[in-house]
Structures are given as structure tokens and as C-alpha cells.
Amino acid sequence: HSINGAIPETPSIQVEPHEDFFDGIRTPATPERTINDMISVSTAGAGPSVQLVERMSAAVRRLESEKAAHKDELLRLSTQRDEAREQIVGLMKEAEEKRSADARARKLEKEVDGLNARYLTTLEMLGEKSEKVDELVADVADLKEMYRELVDRTMK
């Protein structure tokens with residue numbers, strides 16, 4: 001009690017409604033008026049410090065939910081990144097296998113070309129040998145004929 005018996009006023013913190021740090025921050029995930037804002041209106045008679053605590057608590061809850069959403073997004077993006085890395089590694093392996101297969105195919109094509117050249121040479125040599133054999137067979141036939149004629153003449 002004061003000197004004249006009157007009850008002194010209780011000191012309180014006077015806060016302007018627009019001085020709240022979190023008032024200007026809105027995200028698509030938070031509606032403009034939440035249930036906590038309505039509770040704040042109902043506790044308007046409790047004093048500005050209670051309202052401030054309620055608004056800050058609501059802001060903390062909102063930020064915690066945003067943090068959780070960002071954490072989920074980070075996890076999703078990390079998973080996508082890891083999948084992309086695995087896919088890139090797989091594609092790099094495929095590309096290396098293809099290069100290896102292409103090199104082997106070129107090597108085999110050269111071998112086939114070499115074998116074809118040898119085959120043609122061998123075929124040509126075989127043709128020449130066949131002609132020579134045919135000539136020799138004809139010569140042997142001619143010799144047989146001459147020998148028969150010679151035997152026939154000497155017998156008569």
C-alpha cells in the first residue's frame with residue numbers, strides 16, 4: 001500500500017503489436033491466423049507479456065515445423081542425389097564396357113580381314129595348283145597315248 005492507502009499500479013511491459021520480431025515472417029506452410037492466434041485474442045486481458053509469450057511460442061512451433069519440413073526435404077534430396085550418383089556410376093561402367101567391346105570388335109574385324117586375305121591367297125594358290133594338276137593329268141594322258149601308239153607300232 002502507498003502512503004495515502006491506495007493500491008499502486010502494477011508495472012507492466014508495454015509492447016506495440018507490430019513490434020513482434022516474428023510478425024512479418026509468413027511462409028506458405030503457415031496460415032495467416034492459427035488457433036494460437038485465436039487463443040492469444042482470448043487471453044488479451046491477461047496482459048501483454050502473456051500475449052508476447054504466446055506469440056513467441058507459436059512462432060517457435062511454426063519454425064520447428066518448418067525445420068522438420070526442411071529436414072524431410074534435405075533427406076529426400078540427399079536420397080535423390082545418392083540415387084543419381086549410383087546411376088552415374090552404372091552409366092560410366094556401361095560406357096567403359098561399351099568402349100571395351102568396341103575395341104574388341106575392331107580387333108576381331110582386323111583378324112577377320114587378315115583371315116579373309118589369307119583365304120583368298122590360299123584359294124588363288126589352290127586354283128593355280130588345280131590348273132597345274134589338270135595340265136599334268138593331260139600330259140600323263142598324252143604320254144599314255146603316245147606310249148600306246150609306240151607299243152602299237154612296234155608290235156606290227
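Patches, as the word is used here, are made of residues with over 30% relative accessible area and no salt bridge, with like charges joined within 9 Å and nonpolar side chains (Val, Leu, Ile, Met, Phe, Trp, Tyr) joined within 5 Å. By that rule, Tyr119, Leu120, Leu123 and Leu126 make a nonpolar surface patch of about 430 Å², where accessible areas come from the Shrake-Rupley method with a 1.4 Å probe and, for residues, only the protein chains shown count as cover. The model is predicted, so local features need pLDDT of at least 70 and side-chain atom pairs count only at pLDDT 80 or more, while totals for chains, interfaces and linings use all residues. Residues are numbered from 1 along each chain as its sequence is written, and side-chain values use heavy atoms, with hydrogens and water left out.

**Overall build**
- The chain holds two helices and zero strands, these being DSSP runs numbered from the N terminus (helices H or I, at least four residues; strands E, at least two).
- Helix H2 has 108 residues and reaches 155 Å from its first C-alpha to its last, close to the 160 Å expected at 1.5 Å a residue, the expected span being 1.5 Å times one less than the number of residues.
- The accessible surface of the chain comes to about 13,900 Å², and 61% of that belongs to carbon and sulfur atoms.

**Burial**
- Of the chain's 156 residues, 8% count as buried, a term that means under 20% relative accessible area, whereas exposed means over 50% and partly exposed lies in between (1.4 Å probe, protein chains only).
- Within H2, the buried residues are Gln51, Glu54, Arg55, Ala58, Ala59, Arg62 and Glu66.

**Surface patches**
- Leu123, one of the residues of the nonpolar patch, lies in helix H2, which covers residues 48–155, and is partly exposed with a relative accessible area of 42%.
- A negative surface patch is formed by Glu124, Glu128, Glu131, Asp134, Glu135, Asp139 and Asp142; Asp and Glu count as negative and Lys and Arg as positive, with His and the chain ends not counted.
- For such charges, the place is taken as NZ of Lys, CZ of Arg, CG of Asp or CD of Glu.
- Glu131, a member of the negative patch, has its place in helix H2 and is exposed, with a relative accessible area of 52%.

**Salt bridges**
- Side chains of opposite charge can pair when their charged atoms come close.
- A salt bridge is a side-chain nitrogen of Lys or Arg within 4 Å of a carboxyl oxygen of Asp or Glu, and by this rule the count comes to six.
- Arg76 forms a salt bridge with Glu73, the closest N and O atoms being 2.5 Å apart, and both residues lie in helix H2, three residues apart, about one turn of the helix.
- Arg76 counts as partly exposed at 40% relative accessibility, and Glu73 counts as partly exposed at 35%.
- Arg99 pairs with Glu96 in a salt bridge whose closest N and O atoms are 3.1 Å apart; because Arg99 and Glu96 are three residues apart in helix H2, about one helical turn separates them.
- Lys98 and Asp102 meet through their side chains in a salt bridge of 2.8 Å, N to O, and Asp102 is partly exposed, with a relative accessible area of 31%.
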